[in-house]
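Hi everyone, thanks for coming. Let me put the structure on the screen, and then we can walk through it together.

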Amino acid sequence: MRIEGKFYYKGDIVEGAIEIEDGKIKRIKKSMIGTKEIKGLILPGAIDLHVHFREPGYEEKEDFYTGTLSAAFGGVTFIMDMPNTNPPVKDISSFQDKLRRVAPKANVDFSLYFMLGNNAEILKEVNPAFKLYMGETTNVEGGEIKSVENAFISVHAELSECIRRESKNLRDHDLARPESCEVKAVKMLLGKGNYHIAHVSSIDTIDLCKAGRFTYEVTPHHLFLHRDMPLGTYGKVNPPLRAKWMAEKLWEELINGRIDIVASDHAPHTIEEKEQEFFAAPAGIPEVETYVPIFMYMVKIGKLHLSRAVEILMQRPAELVGVKKGKIEEGYDADLIAFNLNDIKKIRAKDLHYKCGWTPYEGFNALFPHTVIVGGETVVENYELVGERTGKFVRIGGE
Ligand SMILES: NC(=O)N[C@@H](CC(=O)O)C(=O)O
Ligand SMILES: [Zn+2]
Ligand SMILES: [Zn+2]
């Protein structure tokens, strides 16, 4: 397959042609014969290292088909799915059961995390991707903090004994699980291994991550939402939404290059679950289909430079987990997304592909990709699904 158009290449936007073979970018040249034109701006597919697609066990909230379909429509072509399913993924058999179930339903490429436990040395041969929960959602086996060499360990850093479990509204939830509990958790990790800190929600945590030489991510909701918005239980998430000024501070850190990557922490719950009393409603926000389009709108209005967006959404996430993705260069996977930068749309829950049917970003301006290609196969064209289940499992740490 040969395509031509305007694409992001080594820091610039160039006009040229891309030859794709066996799912990879084979050649890039000024021009080629027999090409198919793709209009607008072509970027590498986005990479999301933190999603909860809820299969097996919680398919009423989301499943691997609807989750990966939503990812595709949002320009995300590689996702890493968390292990807090039912049963949790904490050994070879639960991993294989999950892989067998979800692989046939994958619309984009994917990898799967294990819970970090005492069997990490064995599990890392299968896939060196682990999740360490220091919060209460899925406790790691008790006892000392674990680590494992040559692996990617994403940490939910909220110290269990520091947080108050019940809250009655968004402001109270922020006070019940204060930033200091995140800071204390990261402090406990210092010197204990090389970790990736998930959903950093305070600038106080950033200095510690730097000191500990930990990589870290920020979620879209800690950048675009805050605790004083009238979201009610739909804004309930762990770690909590913080004050508006903190969200603005995190945005500044992102702009000045002090945030490694953005990851969605797509954590859907049903409307029925969210319509409960605040203290009873589950924490989590669906994000995977809306965050890249919102970031592309920020690029469009000049609030974020394109090169920075490509770094935090595509390039750096791929580098952190060692996969040949996130760049339009020879030898890389042919995962491409294309935008018409004039085609601004308002986010509407009814237009999204989530099973949960809601979004906290109703009405936000966004730029959705009109074309999405995964491994050289066109999945979305002219904003319509044209190819299904083209995704494959990718073991991380190869590069
Ligand atoms: N982030 C959340 O608020 N919820 C996540 C679990 C987690 O990451 O804590 C979920 O799986 O629902
Ligand atoms: Zn978490
Ligand atoms: Zn999470």
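I'll talk about a metal site, a lysine, a strand and some aromatic rings.

First, some ground rules: this is a predicted model, where local features need pLDDT of at least 70, side-chain atom pairs count only at pLDDT 80 or more, and totals for chains, interfaces and linings use all residues. Residues are numbered from 1 along each chain as its sequence is written, chains are lettered from A and ligands numbered from 1 in the order in which they are written, and side-chain values use heavy atoms, with hydrogens and water left out.

Let's start with the metal. Which residues are the protein donors of the zinc ion (ligand 3)? They are His 50 (NE2), His 52 (NE2) and Asp 265 (OD), at 2.0 to 2.2 Å. A donor here is an N, O or S atom within 2.8 Å of the metal (3.2 Å for Na, K and Ca), and sites may look incomplete because water is not among the atoms. The zinc ion (ligand 2) is 3.4 Å from the zinc ion (ligand 3). His 50 sits in strand β5 (residues 46-51) and Asp 265 in the loop between β13 (261-262) and α9 (271-274), so this pair ties together parts 215 residues apart in sequence. By the way, helices (H or I, at least four residues) and strands (E, at least two) are DSSP runs, numbered from the N terminus. His 50 and Asp 265 are both buried, where buried means under 20% relative accessible area, exposed over 50%, and partly exposed in between (1.4 Å probe, protein chains only).

Now the lysine. Lys 131 belongs to strand β9 (residues 129-133) and is buried, at 1% relative accessible area. Leaving aside neighbours within four places in sequence, its contacts (heavy atoms within 4.5 Å) include His 50, our zinc donor.

Next, strand β14 (residues 336-339). Leu 336 and Ala 338 are buried on one side, and Ile 337 and Phe 339 are buried on the other.

Finally, the rings. Rings of Phe, Tyr and Trp (its six-membered ring) pair if their centres lie within 6.5 Å; planes under 30 degrees apart count as stacked, over 60 as edge-to-face and the rest as tilted. The whole structure has 14 aromatic pairs. In one of them, Phe 7 and Tyr 9 have ring centres 6.3 Å apart and planes at 80°, so they are edge-to-face. Phe 7 is buried at 1% relative accessibility, while Tyr 9 is partly exposed at 26%.
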